[in-house]
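Good morning, and thank you for joining this group meeting.

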Amino acid sequence: MVFSSPSFLYYFLPITLILYFITPMPKGSPRLRNITLLTASLVFYAWGEPRYVFLMIAQCIFAWGFSLLIEKYRGQRASMVYMLISSAVSVSGLIYFKYANFFLSNVNNIANTNIPLINMLMPIGISFYTFQLLSYTIDLYKGQIEIQRNVLDFSTYVASFPQLIAGPIVRYADVAKAFAKREHSWSGFAMGMRRFIFGLGKKMLIANLFGELVEIYKISGDQSVLFVWLYLIAYTMQIYFDFSGYSDMAIGLGHVFGFKFPENFNYPYIADSITNFWRRWHMTLSGWFRDYVYIPLGGNRVKLLRHVFNIMIVWMLTGFWHGADWNFILWGGYFGVVLLIEKFFIGKALEKIPKVLRHIYVMLIVFISWAFFDAVGGFSVAFNTIGRMFGAGGLLASTEALYYLRSYALPIIIAVIGVTPLCKRLAEKVDTKKKLVMVLEPVILFLILAASTAAMVDGSFNPFIYFRF
């Protein structure tokens, strides 16, 4: 089940909200509501993954049990041993389900063997909840958080349906206090639903529209420079509005249930360097790799070659996290190289050139990166796309490309405005206490919800890019 489906929007979510808010809070404790939220989350997950819900439950119980041992033997060597065992078990599920066939395929290719691949589906959201399990275990060992002794509250943290499928990656420290005490208010509920509806609109009305153009390009066979650029622009918009829209929905639902999830995007396409871009794009993932991989490796407090090694390892792992294929590793390595170039060679020079030129540089790097990211067919597909970006195909513009340019010109303009903070800044200047605004806001939200619902019902094209991660 995904948020952008009628079954979630008009069946699961209303029923869950009713059950959640009629659940009592004796003495202000949300413990019973945590159980309601956990039950709803397990139903949500089992809706599409009935078998793998037991895997997630088992991993929650195992990590929680070992957390008690980590705490019991704090300050002793045994505490580290239990932390390592717990972390190894948590990550083993991810390695088996997501990466086993990748490793087996490469062994077969290198050694000319014929080891059969594993016939299985990857559990939905395993990349996200595995990282949450790991962060909890490691933070507890370091003494950065207090232990959660209630297994149901701990499982609610891991399995909470708003952020289960596609993040943001929520660390226990972000929500620890809310499990013991949290407030629910109409203003918080309204703010959360507003954020959810805007996120749904971003996904259904913008991301899906550009996703259709991406699919048209892939089946067209058009080799013109213009169509390649249209494809890359469309994919750039699709992946942003798709993922940031889902993050908005998750953060909004978090507010509804009394949690404050971390922001995941901060207008990355307005960045003036790739370093700045990655401070704005999928921020919870970047922060996770910084704190749990880069810094433990030594970060920048090491010799030059080791520093370079640390950066490349982090970014290749970042790519590998996104998918078990070489194009994702190449995508991560590509960003690692660019970041190294900025850090050691052109960083100061970038600051001296006009901002518009810096922005063009960033978007060019990003366009090329999405060519790698979307090249599921292999390296040749990516390099062919990049070559045709710069005229290797020979044809500058075709009749088909010109047709789609005219058809998508207005959506592209709207999307370009939407990836900037312009709309947010204008909204912040509006006096929300004016009667006209108080009337218009619910009308606009209703129209977005109605249009999104119509798109769900009438259209069969409703992919979610990060669903596979």
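Predicted model: local features only at pLDDT ≥ 70, side-chain atom pairs only at ≥ 80, totals over all residues.

Helix α5 covers residues 126-142 and α12 residues 283-294, and they pack at an angle of about 40° with their axes 12 Å apart. Axes here are lines fitted to C-alpha atoms over the stretch in contact, and angles run from 0 to 180 degrees between N-to-C directions. Helices are DSSP runs of H or I with at least four residues, numbered from the N terminus.

The crossing of α5 past α12 is left-handed, meaning that the near helix is turned anticlockwise from the far one by less than a right angle. From α5, the residues F131, L134, S135, I138, D139 and K142 meet L285, W288, F289, D291 and Y292 of α12; contact means heavy atoms within 4.5 Å. This contact comprises seven nonpolar, one polar and three charged residues. Ala, Val, Leu, Ile, Met, Phe, Trp, Tyr, Cys and Pro count as nonpolar, Asp, Glu, Lys and Arg as charged, and the others, Gly among them, as polar.

A word on conventions. Residues are numbered from 1 along each chain as its sequence is written. Local features need pLDDT of at least 70 and side-chain atom pairs 80 or more, while totals for chains, interfaces and linings use all residues, and side-chain values use heavy atoms, without hydrogens and water.

Helix α4 (residues 77-111) packs with α13 at an angle of about 105°, their axes lying 10 Å apart. That makes the two roughly perpendicular. K98, Y99, F102 and F103 of α4 make the contact with F320, W321 and H322 of α13. Five nonpolar, one polar and one charged residues take part.

Finally, which residues lie nearest the centre of the largest pocket? They are F198, Y267, C423, K424 and A427, out of 37 lining residues. A pocket is an open set of points on a 1 Å grid where a 1.4 Å probe fits, with protein on both sides within 12 Å along at least five of seven lines, and lining residues have an atom within 4 Å of a point. Helix α9 gives the most to this lining, with nine residues. By class, the lining of the largest pocket divides into 19 nonpolar, 10 polar and eight charged residues.

Notes
Parallel < 35°, antiparallel > 145°, perpendicular 65-115°, else oblique.
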